[in-house]
Amino acid sequence: MEHTYDWTFWEVNSNHNARGPLYVSTSMMKKPKSQSTDTTATTTSSSDNGLCYFNANLKINNIGLRPHRLAWQVISYPIFCMIIQLWIHYEAFWLFVKGVTYVPHPEESETAASRIIGNMMIPFFMLRDLVDSATKSSAKIKE
């Protein structure tokens with residue numbers, strides 16, 4: 001990989017008795033080109049060396065682990081996952097209605113869930129193909 005990551009962590013304590021927030025910063029930079037005898041290596045200008053492509057800063061607050069907070073996380077996390085799944089399939093439905101071609105996962109990367117969803121969609125694809133062929137045949141008859 002031609003990039004390096006610079007991670008910085010720091011904590012600011014206004015009160016020495018309590019833990020303050022943790023600050024995290026990361027930067028993705030292009031690795032400096034080393035002197036190489038490889039003739040196939042591409043040469044770049046020296047201004048590209050060490051160029052920062054991405055920088056992210058994050059502030060993490062320390063929140064104690066209490067029973068009600070733990071219960072909220074146990075309940076809310078699966079709910080958020082289900083909402084995201086519904087949202088993805090809602091958008092997929094509209095792509096299906098628009099007639100966008102379905103491209104399945106490659107065989108080696110397909111999961112059990114994606115195989116189940118693909119098999120559930122077979123009747124819908126057959127119905128769409130039937131409607132498309134009927135529409136095309138009626139258009140030919142009108143000509």
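1. Phe 9 counts as exposed because its relative accessibility is 54% (buried is under 20% relative accessible area, exposed over 50%, and partly exposed in between, with a 1.4 Å probe and protein chains only). Phe 9 is found in strand 1. This is a predicted model, in which local features need pLDDT of at least 70, side-chain atom pairs count only at pLDDT 80 or more, and totals for chains, interfaces and linings use all residues. Residues are numbered from 1 along each chain as its sequence is written, and side-chain values use heavy atoms, with hydrogens and water left out.

2. Phe 9 also belongs to a nonpolar surface patch of about 620 Å², together with Tyr 5, Trp 7, Leu 22, Leu 58 and Ile 60. The elements that give two or more residues to the nonpolar patch are strand 1 (3–11) and strand 3 (52–60). Strand 1 supplies the largest share, three residues. Patch residues have over 30% relative accessible area and no salt bridge, with nonpolar side chains (Val, Leu, Ile, Met, Phe, Trp, Tyr) joined within 5 Å and like charges within 9 Å. A salt bridge is a side-chain nitrogen of Lys or Arg within 4 Å of a carboxyl oxygen of Asp or Glu; accessible areas come from the Shrake-Rupley method with a 1.4 Å probe.

3. The protein has two helices and three strands, in the sequence pattern β-β-β-α-α. Helices (H or I, at least four residues) and strands (E, at least two) are DSSP runs numbered from the N terminus. Buried residues make up 10% of the 143 residues.

4. Pro 32 lies in the loop between strand 2 (22–30) and strand 3. With 60% relative accessibility, Pro 32 counts as exposed. The C-alpha atoms of Pro 32 and Thr 4 are separated by 9.3 Å, although these residues are 28 residues apart along the chain.

5. The largest pocket holds about 520 Å³ of space (a pocket is an open set of points on a 1 Å grid where a 1.4 Å probe fits, with protein on both sides within 12 Å along at least five of seven lines; lining residues have an atom within 4 Å of a point). Of its 19 lining residues, the closest to the centre are His 89, Ala 92, Tyr 102, Ile 117 and Met 121. Helix 1 (67–98) and helix 2 (112–142) are the elements giving two or more residues to this lining, and helix 2 gives the most, with seven residues.

Notes: Grid points are joined across faces, edges and corners, and a volume is the space filled by probe spheres set on the points.
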